[in-house]
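User: Hello! I would like to learn how to read the features of a model step by step. Could you walk me through this one?

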Amino acid sequence: MPKALQYFGQFIAYALFALVVGYFATQPAYTHMDPDKALIKMSFSHAGEHLQECRRLTQEELNLLPPNMRRPMDCLRKRVALLIELELDGAILYRDELPPSGLAGDGASTAYRKFPVPAGSHHLVARLRDSRREDGFDYEQAAVVTLAPQQNFVIDFRPELGGFLFL
Amino acid sequence: MACPASSVCPWIRPGVRVQVIGIRSVAKAAFEGADNVFNRAFTPAWNPLCHLGTLGWFFYWIVIVSGIYLYIFFDTGINQAYESLEYLTNVQWYAGGVMRSLHRYASDALIIVMMLHLLREFVMDRYRGSRWFTWFTGVPLLWLVFACGISGYWMVWDVLAQYIAIASTEWLDSLGIFGQSIARNFLNNDTLSGRFFTLMVFIHIAVPLFMLLVMWIHIQRQRNARVNPPVGLAVGTLGMLLALSLARPALSQAPANLDKVPSVIDFDWFYLVAYPLLDTIPGQTLWAIAGGGSLLLLLLPWLPPGQRRATASVDLDNCNGCGRCVEDCPFSAVSLQPRTDDAAFSHEAVVSDNLCTGCGICVGACPTATPFRRTSELIPGIDLPDLGIQELREKTLSAIANLSGNARVVVFGCSHGAGLEQLQGADVAVLKLPCVAMLPPSFIDFMITRGHVNGVFLTGCADGDCHYRLGIEWTGQRLAGERDPYLRKRVPRERIAESWAGITRNKRLQQELRTFQDRLRALPPFKRTPHRSTGVRAGEAAEHHA
């Protein structure tokens, strides 16, 4: 093959390689979420009550224990699962039981959920039960929120700040 | 389950076996077809498809050098990270901007050559038997390269980085092994901590360094491992990347804003090709796919259809520890160790069965593997059990016994090249070797100067892509008198021809053989060397060739 033709062939090969690298380094664009929607992101980590109430040991029971293990309270490690419910415009958006973490079930329950919803005004209610009660909820927060397109609306839960936080 | 030596696995149904081999043959032919095209433009010595591994090293070094430059100006603060890169891109475009673009495009090019390298080695069947180590250590590199690239995009802290940060941490959370959700760090702008950036910078520096260690381990079992592409190819590749960097500089997208969800994102599909799956399948499923795929790749060398050649063995009575086999073994399978017998030599060759591929290149390097030996049995210092050099001489002499005409040719080919059977004829004998470099140069001398044939024709894998890495190169150097054992000067070079046709250029191979035979017919008759006994012992042979 003549030298000039060889160089031309090399040029074509390099150009094609550059074209592939240059194009796929940024294109085609990926649509992660509909631009007209907003995102409700619920995320929190919270430990529910213990499954049973702690019981104070009697003196006789304490005496039976080695001296270094005589804790006055006997607490079952396992915690209750949290019940979480989200309601959007009167309809249940999400309802789930969140089991405690850890092998012994004594850790915090965690939630991380995303809900793309149409932008606009919505009536949002968040409810959570973290006690041993059979029905009803321990925390509830309701608000009318106006979501802009692509807005990231965060629902957090901080009991020390009063419960649900709409951020 | 490993398959027995030199056989296909009997426990695979024949139909399936044919299908697997058929797909591989088609893919191999496709690669060779592409090679043929690139060989024309680049020549076999510069063919980028035959230098995918070295190009990977080259891109790695470009990424490292450009990364060091970028790090000098990079600020790890939440807002400062984006601003520092904007400064490099827009104000210092002539240096920092070019470096940033080189950093990105070399990383992307690394993905392309790495994937092609993996596919090529699989298709060319260069990952099984004793070559498992190189394949096995290459698989973690896939994860490391992706970890480097993804952590790099994260540091820009634009909307793409925001998407990657959230998607990656959500994916990690899906493993369920972290006490607290990592993705909670990116809930909104208020929860974002600068410490995460410091961690990412650490990862983005530590992982490439660890990668270099794994890359070094990756080539440990290869003798004369090449880590640099030919200069011309390197210059062309760097020029291409520079041109691309100037024509289409790497830019940041809009700055990250956790209060807003990225919607339409310019995407680097080389590194993020799997990320869109996270929007459609659970993270755990993607872990199963990625983990299962990696496990499958790791186990591939031991999965059927397996095949392993018998390994070379040393005969101490004929080995003087000259070390030529050690020098020539492409896989560092032969080493010199202190003598274990009472012979008057200091060392002996020792073959590691774990490393030996059974290619026979060591036999071709052994000075005692000479067919001229007549007074003693032809047992070389190192030999292949399933095709010994004595058996090769007998087979060759038997094959040429009935040749007729004045263009009698013996073809020595390898089992990874074009089909040799089609070359057989009234004046052509064909001998198949594991690798053509198994043929000691003295064999060619023997065939021509003793008048057994009029010419010797060597063929095998495609030029620049020897199945056993160095067979074609060593053969060429031996014939040219550049590598020991040399082909003696008395052998007329015009009676030797080479054709590195691979598996796709059968017609060209036949044509070249015919042309060679025509050339032989036009030559004056060769004056045979006087026949005399040339029996040599190990020590004599070594001196003879030194």
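User: How many residue pairs are in polar contact between chain B and chain A?

Analyst: Some ground rules come first: this is a predicted model, where local features need pLDDT of at least 70 and side-chain atom pairs count only at pLDDT 80 or more, while totals for chains, interfaces and linings use all residues. Residues are numbered from 1 along each chain as its sequence is written, chains are lettered from A and ligands numbered from 1 in the order in which they are written, and side-chain values use heavy atoms, with hydrogens and water left out. A polar contact is a pair of N or O atoms within 3.5 Å; within protein, one must be able to donate a hydrogen and the other to accept it, and residues adjacent in sequence count only if both atoms are side-chain atoms. Between chain B and chain A there are 22 such residue pairs, both at pLDDT 80 or more.

User: Which element gives the most to the side of chain B that touches chain A?

Analyst: Helices (H or I, at least four residues) and strands (E, at least two) are DSSP runs, numbered from the N terminus. H8(B) gives the most to that side, with six residues.

User: How many salt bridges are there between chain B and chain A?

Analyst: A salt bridge puts a side-chain nitrogen of Lys or Arg within 4 Å of a carboxyl oxygen of Asp or Glu. The count here is two, and the side chains of B:Glu170 and A:Lys114 meet in one at 2.9 Å, N to O.

User: How much area do chain B and chain A bury between them?

Analyst: Buried area is the accessible area (1.4 Å probe) that two parts lose on being put together, summed over both. For this pair it is about 3700 Å², with 60% on carbon and sulfur atoms. On the chain B side, B:Leu187, B:Val261 and B:Ser263 lose the most area to chain A, together 16% of what that side buries.

User: What does A:Ser131 touch?

Analyst: Contact means heavy atoms within 4.5 Å. Leaving out residues up to four places away in sequence, A:Ser131 touches A:Glu49, A:Val80 and A:Asp138. With A:Asp138, the two side chains make a polar contact at 3.0 Å.
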